[in-house]
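Colleague: Please show me the model. I have some questions about how the chain is put together.

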Amino acid sequence: MTKSLLCIGLLSLTALTGCESVGDSLNQMAGLGVVSQEQSTFDNETIIKVTPNFLFESQSDWGANNVKLGARWKSSQPDNIIIDLVYDSSSSSGSSYAQINSLEINLNNTKHSFTTNSATSFDNSGYNSVSKTIYTKSQNAVVIPKGLLEKMVSADSCLIRINTNKGYQDSNFLIERSGGGAPTALLSIKEFLLEVNSEIKVE
């Protein structure tokens, strides 16, 4: 599968500046790994979410995998986490959309598997006259125990595999920054869990 063009651009800018904080700012500007909280006006439910951020197969990898990872927590289901999986591509790649089927987690050599419960949603940017392509997005989600996600961020080893109808992509979840210094999904998930646990203490 092709690497994300957006990621390559972000990583290149980070490398030129040689500053991790610039990479962090670029990610925030691009809406990657942004943690937010909202209150439902219907039932007063608290929802904390983090937008999907990049995953990498190895520490030295500059190009991220196509699938990004984010998360959502709801106060009505405090022991569960919704893991959002987003596959980014383009019409010019020859692989515009992907059906996201499942998430496998190898945590300290113990395997866990979670299957998506609904159909993958598809979206696109419309034609981009500058890049002369259409950027596409496929999105689905799985539900995992909150305790498992907390173990993942502090594990000695944590590999994840995202299965699609195009094949699979493996990532080392414990990589905090890419070879170019850009922050990954791990740092975003850590910030997300801090917000969730802070909210649970308040409740």
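**Fold and contacts**

Modeller: Along the sequence, the elements of the chain follow the pattern α-α-β-β-β-β-β-β-β-β-α-β-β-α. Helices (H or I, at least four residues) and strands (E, at least two) are DSSP runs numbered from the N terminus. The model is predicted, with local features needing pLDDT of at least 70 and side-chain atom pairs pLDDT 80 or more, while totals for chains, interfaces and linings use all residues. Residues are numbered from 1 along each chain as its sequence is written, and side-chain values use heavy atoms, with hydrogens and water left out.

Colleague: How many helices and strands does the secondary structure of the chain come to?

Modeller: The count rests on the DSSP runs just described. For this chain it comes to 4 helices and 10 strands.

Colleague: What is the order of the strands in the open sheet of 6 strands?

Modeller: Two strands pair if DSSP finds at least two bridges between them. Strand E1 (35-39) and E7 stand at the edges with a single partner strand each, so one side of each has no neighbour in the sheet. Neighbouring strands are turned by 20° against each other on average, direction ignored; such angles run from 0 to 180 degrees between N-to-C directions, with axes fitted to C-alpha atoms, for helices over the stretch in contact. The pairing is antiparallel, and the order is E1-E2-E3-E4-E8-E7.

Colleague: Which residue in the turn of the hairpin of E5 and E6 has a positive phi?

Modeller: Strand E5 (residues 100-107) is joined to E6 by 6 bridges, and the two run antiparallel. Among the pairs, Glu104 has Ser113 as its bridge partner, and Asn106 stands opposite Lys111. The hairpin has 2 residues between its strands, and the one with a positive phi, of about 50°, is Asn108.

Colleague: How many residues of E5 are buried?

Modeller: Buried means under 20% relative accessible area, exposed over 50%, and partly exposed in between (1.4 Å probe, protein chains only). E5 pairs with E9 over 7 bridges in the antiparallel sense, with Ile100 opposite Thr164. E5 is mostly covered, and of its 8 residues the buried ones number 6.

Colleague: At what angle to E2 does H4 run?

Modeller: Helix H4 (residues 185-202) lies across E1, E2, E3 and E4. Relative to E2, H4 runs at about 175°.

Colleague: Is Thr184 buried or exposed?

Modeller: Thr184 is found in the loop between E10 and H4. Leaving aside neighbours within four places in sequence, its contacts include Asn53, Phe54 and Ile175. Its relative accessibility is 2%, so Thr184 counts as buried.

Colleague: Why is the pair of Tyr97 and Phe122 edge-to-face?

Modeller: Rings of Phe, Tyr and Trp (its six-membered ring) pair if their centres lie within 6.5 Å; planes under 30 degrees apart count as stacked, over 60 as edge-to-face and the rest as tilted. A search of the whole structure finds 1 aromatic pair. Tyr97 lies in the loop between strand E4 (80-90) and E5, and Phe122 in strand E7 (residues 121-128), 25 residues apart. The ring centres are 5.2 Å apart and the planes are at 70°, so the pair is edge-to-face.

Colleague: Over the ring of which residue does the charged end of Arg161 sit?

Modeller: A charge sits over a ring if NZ of Lys or CZ of Arg is within 6 Å of the ring centre and within 35 degrees of the ring normal. The charged end of Arg161 is 3.8 Å from the centre of the ring it sits over, that of Tyr168.

Note on methods
Contact = heavy atoms within 4.5 Å.
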